[in-house]
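This briefing goes through selected geometric features of one structure, grouped by topic. Please keep the sequence and the coordinates open while reading.

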There are 2 protein chains.
Amino acid sequence: ADQATAEAVSAREARLTKPSGSLGRLEDLTAWLAAWQGRNPPRLDRPEILVFAANHGVTAQGVSAYPSEVTAQMVANFAAGGAAINQLACLSGAALRITSLSLDTPTADFTKKPAMDETAFLDAVGAGYDEVSDDADLVVLGEMGIGNTTAAAALSAALFGGGGRFAGTGTGIDDQGLARKRAAIEKALERHKDALGDPLRAAACVGGRELAAILGACLAARHKHIPVLIDGIVSTAAVAPLKLLREDSLDHARVGHLSAEAGHGLLLDELGMTPLLDLGLRLGEGSGAAVALLVLRAALACHTGMATFEEAQISDKSS
Amino acid sequence: ADQATAEAVSAREARLTKPSGSLGRLEDLTAWLAAWQGRNPPRLDRPEILVFAANHGVTAQGVSAYPSEVTAQMVANFAAGGAAINQLACLSGAALRITSLSLDTPTADFTKKPAMDETAFLDAVGAGYDEVSDDADLVVLGEMGIGNTTAAAALSAALFGGGGRFAGTGTGIDDQGLARKRAAIEKALERHKDALGDPLRAAACVGGRELAAILGACLAARHKHIPVLIDGIVSTAAVAPLKLLREDSLDHARVGHLSAEAGHGLLLDELGMTPLLDLGLRLGEGSGAAVALLVLRAALACHTGMATFEEAQISDKSS
């Protein structure tokens, strides 16, 4: 992050026609955007929403309320413009790009063997890395994949401990399904326990292709100095291995929205990250982060458009 | 509220391509907009932000960090387009209208006598009532007035008890100033104690012209079936008397944002209202509610733009 740019932004912020600090997190967001973009003022001319889709062998364990073919059906819905993320991308002025990752070849059922071998994992990481445009000024990371909250919960537990505690009802599974989901996670953690000490091996063993792609895209954004908005539990779990590899590796990222999926809050506590919004969404697709992009636009509009005290000839504080 | 319209909206919501309920509060907001507008789908073609400005005699007690002339200076800044609310109105596609209420004649210092007599109070209520356009489809209620967090805290305590507990640092007063603010509130509560049992007399005695105008605008919106977004502690305190007069009188209103001003959360607890956003703003002007208008736009975009399961040919739940 560019400290000089951040300080220039703060200096302007202090002269705008409002009590100091009275725009709260909007001020922090402007400073964060500027620091990572390395320019003052920051811009949101080319935000992009990247949605990665993949299928999961662990659905064989009865962990999801929907069948696996819904992943490809939703990808078709994205292409046709009919999903929530299409509407939110349009409203927030972001480009939307969908990347399908071998939908016809689900990962292996990780209760039985590693979800991906090293080649498959790195292919997916690379696919995500390559999707980030050089000239993007913000990247929103989202996903679609029936069964992927099971992978996210398993990966979270692999990284931070606690067995099935990150499991939730996902797209709306019943109590028996939730019990199967917890059992699958615990079985996977036991089966792969020798590999889970390495965050990247954990991501290969109990993650998924779309999670690996999100990790790759997050790395590419870091390399290109592009700030990132993370979405819900799946996209947060996807980037969590980076935090264990290097403490400051998610400093270029903010979490857009706290998912109603129970494990997301637990995972954010582990990562020490505070979401911008809490509106009860639990949809994925990048939807919560896309709503948060509207908040970034509000921050930027205030910072760039407001008059200074001098310009508006407004009296100083009396005290 | 129109129950049949709300049910029609819920029926469509259930058919959209997402797990049931997975858009969280966005779904509630769409249903609320539709019910009050009495149309399906609801619209946000003509939202308006009404900002009422006034001055306060209680500033003589040294309760604010800024001098009273800043109220008129900020009104000039609104007119010139330089304030935060100008940028947020533009971003959220809302008309912005500023109403100055006798800025050269502050209310009386309510530590010594009632802020307004009945005529002045009703004039201000009427001014607010008249500002709501017949064809508005949403009204955001905001304010500007040096000293008005003292009035808001005094009125909140008059309605719900607790002396100075609603007082905060406002535009940024120091500890001594906060002590003066609390003392002024307690003196006012004691002086006017015989009048405070009547919510409207309380609003006249320890409120302010802009608070009275917001109350009037909230009533007008109710009469015209227009949903309302309330902003921070001042606009919430302004409408609070209505809740005591009739339990359901704020059902057409939502609170856009939880102010960082400490008393706002306490006041919302008393009213049983949950803010949409919590971004640390404490600026007033309607700014927090204007950011929340972006969330309403997100809700509406999803509801009106998404495909149904049938349209997208997506499989039903397996369970």
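Is B:Asp251 buried, partly exposed or exposed? B:Asp251 has a relative accessible area of 39%, so it counts as partly exposed. The model is a predicted one.

**Relation between the chains**
- Two copies of a chain are related by a rotation about an axis and a shift along it.
- Here chain A is superposed on chain B by a rotation of 180° with 0.0 Å of shift along its axis, and the RMSD is 0.0 Å.
- The two copies are therefore related as by a two-fold rotation axis.
- Of the interface residues of chain A, 100% are also interface residues in chain B, so the copies meet through the same surface.

**Helix H12 in both chains**
- Helix H12 of chain A runs over residues 287-305, and at 1.5 Å a residue its 19 residues should span 27 Å. The C-alpha atoms at its ends are 27 Å apart, which agrees with that expectation.
- In H12(A), 17 of the 19 residues are buried, and the helix is mostly covered.
- H12(B) is largely enclosed by the rest of the structure, because 17 of its 19 residues are buried.

**Helix H2 against helix H12 in chain B**
- The axes of H2(B) and H12(B) come within 9 Å and cross at roughly 85°.
- An angle from 65 to 115 degrees counts as roughly perpendicular, so H2(B) is roughly perpendicular to H12(B).
- On the H2(B) side the contact involves B:Leu26, B:Leu29, B:Thr30, B:Trp32 and B:Leu33. They meet B:Val295, B:Leu296, B:Ala299, B:Leu300 and B:His303 of H12(B).

**Helix H10 against helix H11 in chain B**
- Helix H10 (residues 233-245) and helix H11 (residues 263-271) of chain B have axes that come within 10 Å and cross at roughly 20°.
- Angles under 35 degrees count as roughly parallel, so H10(B) is roughly parallel to H11(B).
- The crossing of H10(B) and H11(B) is left-handed.
- H10(B) contributes B:Ile233, B:Thr236, B:Ala237, B:Ala240 and B:Lys243 to the contact. H11(B) contributes B:Gly263, B:His264, B:Leu267, B:Leu268 and B:Leu271.
- Helix H11 of chain B also holds B:Gly265, which counts as partly exposed because its relative accessibility is 21%.
- B:Gly265 and B:Val206 are 59 residues apart in sequence, and their C-alpha atoms are 20 Å apart in space.

**Backbone exceptions**
- Most residues other than glycine have a negative phi, and most peptide bonds are trans.
- In chain A, the peptide bond joining A:Asn40 and A:Pro41 is cis, with omega about 0°. A:Pro41 sits in the loop between helix H2 (25-37) and strand E1 (47-53) of chain A.
- In chain B, a cis peptide bond joins B:Asn40 and B:Pro41, again with omega about 0°. B:Pro41 belongs to the loop between helix H2 (25-37) and strand E1 (47-53) of chain B.
- A:Gln313 is not a glycine, yet its phi is positive at about 50°. A:Gln313 is in the segment after helix H13 (309-312) of chain A, and it counts as exposed because its relative accessibility is 68%.
- B:His225 also has a positive phi, near 60°. B:His225 is in the loop between helix H9 (209-223) and strand E4 (228-230) of chain B, and its 47% relative accessibility makes it partly exposed.

**Single residues and their surroundings**
- A:Thr150 is part of helix H6 (residues 148-160) of chain A and counts as buried, with 0% relative accessibility.
- Not counting residues up to four places away in sequence, A:Thr150 touches A:Val58, A:Val63, A:Phe110, A:Lys181 and A:Ile185.
- B:Asp251 lies in the loop between H10 and strand E5 (253-255) of chain B.
- Leaving aside neighbours within four places in sequence, B:Asp251 is in contact with B:Trp32, B:Trp36 and B:Arg222.
- B:Asp251 and B:Ala307 are 56 residues apart along the chain, and 30 Å separates their C-alpha atoms.

Technical notes: Residues are numbered from 1 along each chain as its sequence is written. Chains are lettered from A and ligands numbered from 1 in the order in which they are written. This is a predicted model: local features need pLDDT of at least 70, side-chain atom pairs count only at pLDDT 80 or more; totals for chains, interfaces and linings use all residues. Side-chain values use heavy atoms; hydrogens and water are left out. Helices (H or I, at least four residues) and strands (E, at least two) are DSSP runs, numbered from the N terminus. The expected span of a helix is 1.5 Å times one less than its number of residues. Buried means under 20% relative accessible area, exposed over 50%, partly exposed in between (1.4 Å probe, protein chains only). Copies are superposed by least squares on the C-alpha atoms of residues with pLDDT of at least 70 in both. Contact means heavy atoms within 4.5 Å. Axes are lines fitted to C-alpha atoms, for helices over the stretch in contact, and angles run from 0 to 180 degrees between N-to-C directions. Angles under 35 degrees count as roughly parallel, over 145 as roughly antiparallel, 65 to 115 as roughly perpendicular and the rest as oblique. A crossing is left-handed if the near helix is turned anticlockwise from the far one by less than a right angle, and right-handed if clockwise.
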